[in-house]
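Subject: Structure for your files, with notes

Dear colleague,

Please find the sequence and the structure below, followed by my notes on what was found. I would be glad if you could read the notes with the model open beside them.

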Number of protein chains: 2
Amino acid sequence: MLTRIDHIGIACFDLDKTVEFYRSTYGFEVFHSEVNEEQGVREAMLKINETSDGGASYLQLLEPTREDSPVGKWLAKNGEGVHHIAFGTGDVDADAAEIRGRGVRVLYEEPRTGSMGSRITFLHPKDCGGVLTELVTAAPTAEHGQEHGQEH
Amino acid sequence: MLTRIDHIGIACFDLDKTVEFYRSTYGFEVFHSEVNEEQGVREAMLKINETSDGGASYLQLLEPTREDSPVGKWLAKNGEGVHHIAFGTGDVDADAAEIRGRGVRVLYEEPRTGSMGSRITFLHPKDCGGVLTELVTAAPTAEHGQEHGQEH
């Protein structure tokens, strides 16, 4: 069951410059940053608010680490902008199975590792009205509201 | 001061079909619907979660009421997908003025009326890394958590 907007994923060419834009324009600070080699991205999570299910909503700023990564290819085609949206759930496996059963293509056979140790999968944008849609189950520590340090 | 992800605006060709997709796939229900003639859209707000600032986060599904509306022109160019993101603030006038002072183009001279009686303005996507960005101050009743009826 999807209980929150977990994050909005924004693709950019220059992560440091984009982080600085969100900081200087809106006052949003980096909550966490990491490199996800499997996804081919360097990313920064900006925490915007907490949510009524005990989680939080973030902006996820994404810079590709290689041109042939999914985000690298997307940027080459579309330019900078909103890359995907993500809903939070307590059980990504169960929800992905249910949604697959409703005829929506789920891109991974099994969930993979996302930001801050979360487990994630994606739904095909062509089955979701043009919206690349991610499902996220936060890591247990994040799910219970413990703060992550800034790791960069 | 921006204190929440207020909504994600998603442009579609057929609002009823898109509402049905979000209901049958994820279980999200319509919280409110309306026609905004000034913006040239018919829209449905799906409430996803409440937020730590006393507000809420929504998906806003948008169907143009005329081809020459901003959303109509955007759809003709881009097809269906994420049209904009919106941050909630207690004072859209003050924040818009401050952000304009930082060199970001604000599209309206004065905030206009958005969903559920809110006051809104938009920032130029070219100044925001390709992201059309809205600022929203909810109407007083919505700000204090009173439920809106479904109005269609």
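To begin with a term used throughout, a residue is called buried under 20% relative accessible area, exposed over 50%, and partly exposed in between, with a 1.4 Å probe and protein chains only. By that rule A:Met116, with a relative accessible area of 10%, is buried.

Two remarks on conventions come next. This is a predicted model, in which local features need pLDDT of at least 70 and side-chain atom pairs count only at pLDDT 80 or more, while totals for chains, interfaces and linings use all residues. Residues are numbered from 1 along each chain as its sequence is written, chains are lettered from A and ligands numbered from 1 in the order in which they are written, and side-chain values use heavy atoms, with hydrogens and water left out.

Confidence

The mean pLDDT (the predictor's confidence in each residue, from 0 to 100) of chain A is 93, and 93% of the residues of chain A reach 70 or more. Residues 143-152 of chain A are another matter, since pLDDT stays under 50 there, although the model has 24 contacts (heavy atoms within 4.5 Å) for this stretch beyond four places in sequence. Where pLDDT is low, the predicted coordinates should not be read in detail.

The interface

The size of an interface is often given as the accessible area lost when the parts come together. Here chain A and chain B bury about 2,800 Å² between them, of which 69% is on carbon and sulfur atoms; the buried area is the accessible area (1.4 Å probe) that two parts lose on being put together, summed over both. The contact takes 35 residues from chain A and 35 residues from chain B. Eight residue pairs across the interface of chain A and chain B, both residues being at pLDDT 80 or more, are in polar contact, a term that stands for a pair of N or O atoms within 3.5 Å, where within protein one must be able to donate a hydrogen and the other to accept it, and where residues adjacent in sequence count only if both atoms are side-chain atoms.

On the side of chain A that touches chain B, at least two residues each are supplied by strand S1 (2-11), helix H1 (15-26), strand S3 (41-50), strand S4 (56-64) and strand S5 (81-89) of chain A; helices (H or I, at least four residues) and strands (E, at least two) are DSSP runs, numbered from the N terminus. S1(A) gives the most to this side, with six residues. By class, the side of chain A that touches chain B has 19 nonpolar, eleven polar and five charged residues, where Ala, Val, Leu, Ile, Met, Phe, Trp, Tyr, Cys and Pro count as nonpolar, Asp, Glu, Lys and Arg as charged, and the others, Gly among them, as polar.

Salt bridges

A salt bridge here is a side-chain nitrogen of Lys or Arg within 4 Å of a carboxyl oxygen of Asp or Glu. The whole structure has 22 of them over all chains, whereas the count between chain A and chain B is zero.

The side chains of A:Arg42 and A:Asp16 meet in one such bridge, at 3.4 Å from N to O, and this pair links distant parts of the chain, with A:Arg42 in strand S3 and A:Asp16 in helix H1 of chain A, 26 residues apart. A:Arg42 is partly exposed, at a relative accessible area of 28%. A:Glu20 forms a salt bridge with A:Arg23, with the closest N and O atoms 2.8 Å apart; because these two residues are three residues apart in helix H1 of chain A, they are separated by about one helical turn.

In chain B, B:Glu38 forms a salt bridge with B:Arg112, the closest N and O atoms being 3.9 Å apart. This pair also links distant parts of the chain, as B:Glu38 is in the loop between strand S2 (30-36) and strand S3 (41-50) of chain B and B:Arg112 is in strand S6 of chain B, 74 residues apart.

Two loop residues

A:Glu38 sits in the loop between strand S2 (30-36) and S3 of chain A and is partly exposed, with a relative accessible area of 47%. Leaving aside neighbours within four places in sequence, A:Glu38 is in contact with A:Arg66, A:Arg112 and A:Thr113.

A:Met116 lies in the loop between strand S6 (112-113) and strand S7 (119-123) of chain A, and has a positive phi of about 55° although it is not a glycine.

With best regards
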